[in-house]
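Colleague: I have just opened this entry and would like a short tour. Could you take me through it?

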Amino acid sequence: MRNYFYITTPIYYVNDKPHIGHAYTSVASDVMARYQRLRGLSCYLLTGTDEHGQKVAKSAKQAGETTKSFTERFANNFRTMADRFNITYNDFVRTSEKRHFLCAQAFWRRLEKRGDLYNKQYEGWYAVRDECYYDDSELVDGKGGRRVALSGAEVEWVKEPSIFFRLSKYRDSLLFYYDAHPDFVLPNTRMNEVRTFVENGLLDLCVSRTSFSWGVPVPERNGHIMYVWVEALTNYLTGLNFPNDTSSLFNYWPADLHIIGKDIVRFHAVYWPALLLSAGLELPRRVFAHGWWTNNGEKISKSIGNVIDPLKLIDNYGLDRVRYFMLREVPFGEDGNFSDSAIMRRSNDDLANGLGNLCLRVLTLVKRGWNGVLPSCGEFTSEDRALLKIFKDEEENFKKKMDICLFHRALEGIFGCLAEANRYITKEAPWALLSDGSNEDRQNKKTRAGTVLFILCDCLRMAAIDLQCFMPESMSRILDMLGVDNSDRHFIARGKRLHEGTELGDIQAIFPRLNKKEVPNN
Ligand code: MSP
């Protein structure tokens with residue numbers, strides 16, 4: 001089995017501040033990266049910023065700033081977002097960096113060498129917002145009879161000398177690849193859309209611009225810069241030191257997973273593999289397209305003024321609540337809606353009641369009855385064995401769901417187990433067993449209470465190991481409280497057990513209940 005896992009986020013346009021959609025893609029990618037590392041794989045997570053193209057150049061101009069200082073400022077915002085969201089990226093590529101120019105140009109030369117580039121005048125529609133060429137069939141009538149793209153983006157008529165890539169030549173090879181890898185694009189509905197798009201025939205792609213200069217120059221072709229998407233996609237190679245494909249970093253290629261939003265599937269599932277085929281490089285193994293967030297049911301847009309600032313969410317709710325909410329609330333792959341009441345509900349029902357409260361109850365009782373030292377067990381009842389089995393068996397289910405990015409299902413599974421643990425503690429009522437009685441009776445009851453609490457601690461340990469990828473900081477605090485050694489926090493160690501006599505850590509409240517008034521800016 002290959003011991004490497006390479007995962008990427010899209011690189012973000014630096015025309016504006018980060019919003020919830022950007023944070024979402026990055027959090028999902030980070031959860032997957034952490035999961036792969038917990039499985040013991042060497043995982044490389046790449047993120048970065050997409051700094052060229054007309055859209056960014058226009059925004060800089062509107063702000064009255066030089067493109068260089070504008071992009072610098074916004075790229076820093078995205079780096080801050082990644083850091084504040086606890087994204088464990090291994091590298092952050094800015095497409096304005098020299099190494100990226102070298103990579104994109106070396107990649108271009110390969111297309112050229114393959115004979116896949118030719119000169120032709122481009123005459124047609126272009127949407128600056130999407131940085132995308134559209135043909136007539138992809139346009140509709142917008143306000144005032146103006147043509148707009150189906151995505152809602154305004155289009156303009158462009159006529160300029162260009163270089164074209166023989167995309168049409170790759171139609172059959174792409175279809176062959178999709179057939180051989182039916183899960184190349186997930187969810188399946190997206191794979192079907194891609195297949196239909198390719199089956200309907202591919203036009204050659206315009207890959208250079210001459211009417212502006214904010215981009216990577218085409219090698220040996222004065223006046224031409226690369227079409228921003230072609231160049232941006234090669235960031236996934238820049239991050240691995242391409243064109244130096246003999247360095248050990250290149251062992252991570254091909255990408256195991258590109259996580260992207262549903263709006264950019266065509267670029268990743270059609271253009272990118274075709275370009276890679278032309279360049280003679282292996283194709284990515286999977287592209288997962290997630291859905292879009294709305295705000296209280298409305299499309300998020302700057303003009304409506306309802307953009308959700310992801311850093312404010314952290315200030316309001318705390319990082320791990322936000323990370324959990326993003327991946328639990330919305331089935332990954334579908335659209336979802338943000339509202340303060342929804343994040344409050346998830347925080348209180350799942351995290352405070354389901355998990356935090358259970359931890360607190362269990363650990364407080366161990367402190368009260370055993371001075372914070374994990375008690376030894378008496379004989380197990382069938383209920384004890386049943387609960388342990390539920391948590392043990394969940395490992396398989398968890399991994400199955402995680403492997404195909406069904407994050408919400410993986411979380412649902414763990415929280416289902418925690419609900420069982422809550423039922424168990426209520427039924428066994430260990431607190432009642434720690435009360436007075438005759439001497440012998442007291443001892444027997446205490447042994448039983450110790451067994452129940454030991455089992456619950458072990459179940460919490462297994463849940464916390466799984467949940468680390470979603471809520472790393474809080475889970476590490478739970479594992480500290482349970483006295484779990486750092487070296488025993490991987491999946492390989494999940495099958496072990498806690499040790500009787502272990503001194504538990506100081507008790508801290510995890511996910512205290514939120515009350516509306518305490519949430520600032522709410
Ligand atoms: N620069 C390109 C990607 C190039 S990758 C080689 C780009 N950038 S973007 O900043 O516009 O978008 C980045 C990601 O954010 C995309 O995956 C997009 O789907 C996602 N989102 C933008 N708005 C979103 C929501 N409202 N909800 C969820 N994700 C959304 O595209």
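Modeller: Serine 339 counts as buried, because its relative accessibility is 10%, and buried means under 20%. Please keep in mind that this is a predicted model.

Colleague: Where is the place of serine 339?

Modeller: Serine 339 sits in the loop between β18 (336–338) and α12 (340–370).

Colleague: Which side chain does a polar contact join to that of serine 339?

Modeller: That of serine 341; the polar contact between the two side chains is 3.2 Å.

Colleague: Let us turn to cysteines. How many disulfides does a search of the whole structure find?

Modeller: The search finds 0 disulfides.

Colleague: Is cysteine 417 buried or exposed?

Modeller: Cysteine 417 counts as buried, at 3% relative accessibility. Cysteine 359 counts as buried as well, at 2%.

Colleague: Now helix α11. How many of its residues are buried?

Modeller: Helix α11 (residues 319–329) is mostly covered, with 10 of its 11 residues buried. Among them are Asp320, Arg321, Tyr324 and Phe325.

Colleague: Next, the ligand. Which residues come nearest?

Modeller: Of the 22 residues around the ligand, the nearest are Ile11, Asp50, Gly261, Asp263 and Trp293.

Colleague: What lies 2.8 Å from an oxygen atom of the ligand?

Modeller: A backbone N or O atom of glycine 261 does. For tryptophan 293, a polar backbone atom is 2.9 Å from a nitrogen atom of the ligand. Histidine 22 uses its side chain: an N or O atom there is 3.2 Å from a ligand oxygen atom.

Colleague: How much of the ligand's accessible area does the protein cover?

Modeller: On its own the ligand has 670 Å² of accessible area, and the protein covers 95% of that.

Colleague: Which elements give two or more residues to the shell around the ligand?

Modeller: They are β2 (12–13), α1 (20–38), α7 (228–233), α8 (235–238) and β14 (257–261). The most comes from α7, with 3 residues.

Colleague: How do the residues of the shell divide?

Modeller: The shell around the ligand has 12 nonpolar, 8 polar and 2 charged residues.

Notes:
Residues are numbered from 1 along each chain as its sequence is written. This is a predicted model: local features need pLDDT of at least 70, side-chain atom pairs count only at pLDDT 80 or more; totals for chains, interfaces and linings use all residues. Side-chain values use heavy atoms; hydrogens and water are left out. Helices (H or I, at least four residues) and strands (E, at least two) are DSSP runs, numbered from the N terminus. Buried means under 20% relative accessible area, exposed over 50%, partly exposed in between (1.4 Å probe, protein chains only). A polar contact is a pair of N or O atoms within 3.5 Å; within protein, one must be able to donate a hydrogen and the other to accept it, and residues adjacent in sequence count only if both atoms are side-chain atoms. A disulfide is a pair of cysteine sulfur atoms within 2.5 Å. A residue is near a molecule or strand if one of its heavy atoms lies within 4 Å of it. Accessible areas come from the Shrake-Rupley method with a 1.4 Å probe; for residues, only the protein chains shown count as cover. Ala, Val, Leu, Ile, Met, Phe, Trp, Tyr, Cys and Pro count as nonpolar, Asp, Glu, Lys and Arg as charged, and the others, Gly among them, as polar.
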